[in-house]
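Dear colleague,

Please find below the structure that I am handing over to you, followed by an account of what was found in it.

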Amino acid sequence: MAFKALDPLLHSQLRLAVMSLLISVESADFVYIKKQTGATAGNLSVQIDKLSNAEYITVTKGYEGKKPKTTCKVTSKGVDAFEAYVKTLQQYIKP
């Protein structure tokens, strides 16, 4: 049996953690994601950009009072990619 390739974009630990968080919520702000993943702000920014460029998530930048606020939300394309990733991973675990 040949194994199907895993989505390289989701096969990164931090990007997978971000997607896993966003799948389970309506949206999440950068500070929450950073806290939950334990990532540095710089690394998280890079990974969020990669997910956004792939259209797996949308990123909204705004302000809450005078403080900048970045909010991320998974897209339907992101949900489909995540579900396909999980399904493929299950085939590795239970061939």
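In this predicted model, helix 1 meets helix 3 through Leu14, Arg15, Val18 and Met19 on the helix 1 side, and the residues facing them from helix 3 are Asn43, Leu44, Gln47, Lys50 and Leu51. The two axes come within 10 Å and cross at roughly 70°. Because angles from 65 to 115 degrees count as roughly perpendicular, helix 1 is described as roughly perpendicular to helix 3. The crossing of this pair is right-handed.

Helix 1 also packs against helix 2. Here the axes of helix 1 and helix 2 come within 10 Å and cross at roughly 120°, which makes helix 1 oblique to helix 2. The crossing of helix 1 and helix 2 is right-handed. Helix 1 contributes Leu14, Ala17, Val18, Leu21 and Leu22 to the contact, while Tyr32, Ile33, Gln36 and Thr37 come from helix 2.

As for methionine 19, its contacts beyond the neighbours within four places in sequence are Leu10, Leu51, Tyr56, Ile57, Val74, Gly78 and Phe82.

How many aromatic pairs does the structure hold? There is one aromatic pair. It is formed by phenylalanine 3 and tyrosine 92, whose ring centres are 4.5 Å apart and whose planes lie at 25°, so the pair is stacked. Phenylalanine 3 belongs to the segment before helix 1 (13-23) and tyrosine 92 to helix 4 (residues 76-93), so the pair ties together parts that are 89 residues apart in sequence. Phenylalanine 3 counts as partly exposed, at 45% relative accessibility. Tyrosine 92 is partly exposed as well, with a relative accessible area of 35%.

The remaining notes concern threonine 70, which is part of strand 3 (residues 67-74). Is this residue buried or exposed? Threonine 70 has a relative accessibility of 17% and therefore counts as buried, given that the class covers values under 20%. With neighbours within four places in sequence set aside, threonine 70 is in contact with Ala28, Asp29, Phe30, Val59, Thr60 and Lys61. Leucine 10, listed above among the contacts of methionine 19, is 60 residues from threonine 70 along the chain, and the C-alpha atoms of leucine 10 and threonine 70 are separated by 21 Å.

With kind regards

How values were computed
Residues numbered from 1 in each chain as written. Predicted model: local features only at pLDDT ≥ 70, side-chain atom pairs only at ≥ 80, totals over all residues. Heavy atoms only, no water. Helix = DSSP H or I, 4+ residues; strand = E, 2+ residues; numbered from the N terminus. Buried < 20%, exposed > 50% of the residue type's maximum accessible area, 1.4 Å probe, protein only. Contact = heavy atoms within 4.5 Å. Phe/Tyr/Trp six-rings, centres within 6.5 Å; stacked < 30°, edge-to-face > 60°. Axes fitted to C-alpha atoms, helices over the stretch in contact; angles between N-to-C directions. Parallel < 35°, antiparallel > 145°, perpendicular 65-115°, else oblique. Left-handed = near helix turned anticlockwise from the far one by under 90°.
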